[in-house]
Amino acid sequence: MDEAAGDDDMKERRLLITGASGFTGRHAVAYFHAAGAEVTAVVRSSAAAGIFPAGVKQQVCDLSDRRAVKTMIDEVQPDEVLHLAGKNSVPESWRDPLLYMEMNVMSTLYLLEGLRTRPARRILVAGSRLKFKPGNAEGPPHPYSLSKTLEELVSLAWCTLFQQPVLLAEPCNLIGPGPSTGFCSLLAQHMVRSEAAESTSEIPPPFKLSSRYALRDFLDVRDAVKAYDWILRSGEPGKIYKIDSGILRELGAVAEQLLAHARVPVGMDWGPENTGTEQAAAPAAAAVPSSGSETLAIQEGLSSSSGDDAVSLGWSPQIELSRSLADIVDYYRASREGGVS
């Protein structure tokens, strides 16, 4: 992780980070702690204690418990809250939609209520690009989308009704080292399993792409955390800040660049051969590590932002995709070897 830019202002900050044991949360805790902030990491279980740097405070709290949240806020008395906690699995949201309302909507409301008597305390809520526009005739595509849309609406409402300094961030697809269920991490895990199975008969089934031509914007999670810092410091309450790399990339091209790190042929199902809607899936084929650099199919300037306020002043992405992908592979290889938790 890049060294955080510490300063006197950071050392005066008392920051509460929810979802601290998650993918983004771990990076956020490390970044703000390294910069000198007094960080309290909120987790659901004390078993997560070992993943944080020495000196980071820890609070075990069920954010769906209103009284527990108020007690935590009163005890920590944070200057700022970075709210990263929540549920984010679309399939799981179909199985247990009420859980998603509790964890994504009600937990946010409990935090807002806990801070309402402390009007100067800023809170940044991490939203989702999978929200939908209320009033759309098609309605929400899944319960997860509904939960994140409601989370955004109540956050903005509390800002308006009670003049709370509430800010919202909507990151694109975040990647980087650490435990993630994102596309790049899943493919890296598949690669590492393929490498481990080289001398056995337990070859994993091919990794399947839904479409090698689908466009996605990928941003390193460490850059996103720095954007969160900028928004907490300088953002305007009531605004939704889009966080992007500014480059849309084909999934297949990103997969090829990631597979260039593989030490063995990796089974891949590349999905439809072209962008047509009625195409048979391509047969599984092994991707062989490349000896040269890959040329990515990218479209610069076509940000995935859908409007609102882009994070521009005081922040810009610094970590190249190639480094992000290499760090992801290194993380999962070290994990398999017992190097990281």
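Q77 sits in the loop between α3 and β4 (80–83), with helices (H or I, at least four residues) and strands (E, at least two) taken as DSSP runs numbered from the N terminus. This is a predicted model, where local features need pLDDT of at least 70 and side-chain atom pairs count only at pLDDT 80 or more, while totals for chains, interfaces and linings use all residues. Residues are numbered from 1 along each chain as its sequence is written, and side-chain values use heavy atoms, leaving out hydrogens and water.

**Positive phi in the loops**
- Q77 has a phi near 50°, a positive value in a residue other than glycine.
- With a relative accessible area of 37%, Q77 is partly exposed; buried means under 20%, exposed over 50%, and partly exposed in between (1.4 Å probe, protein chains only).
- Q163 isn't a glycine either, yet has a positive phi of about 55°.
- Q163 is in the loop between α6 (143–162) and β6 (166–171), and counts as exposed at 58% relative accessibility.

**Helix α3**
- V69, M72, I73 and V76 are the buried residues of helix α3 (residues 66–76).
- They span an arc of only 95° around the axis, so they're on the same side of α3; the arc is that of the directions from the helix axis to the C-beta atoms.
- Over on the other side of α3, R67 and E75 are exposed.
- What do the buried residues of α3 pack against? Their partners are β1 (14–18), β2 (38–43), β3 (57–60) and α5 (97–116), with contact meaning heavy atoms within 4.5 Å.
- At the start of α3, a side-chain oxygen of D65 comes to within 3.1 Å of the backbone nitrogen of R67.

**Aromatic rings**
- The structure has seven aromatic pairs: rings of Phe, Tyr and Trp (its six-membered ring) with centres within 6.5 Å, called stacked if the planes are under 30 degrees apart, edge-to-face if over 60, and tilted for the rest.
- One of them is the tilted pair F183 and F207, at 6.3 Å centre to centre with 55° between the planes.
- F183 lies in helix α7 (residues 183–196) and F207 in strand β8 (residues 207–208), so the pair ties together parts 24 residues apart in sequence.
- W230 and Y241 are edge-to-face, because their ring centres are 6.0 Å apart and their planes at 75°.

**Cysteines**
- There are zero disulfides, defined as a pair of cysteine sulfur atoms within 2.5 Å.
- C61 is buried at 5% relative accessibility, and C172 is buried at 10%.

Notes:
A polar contact is a pair of N or O atoms within 3.5 Å; within protein, one must be able to donate a hydrogen and the other to accept it, and residues adjacent in sequence count only if both atoms are side-chain atoms.
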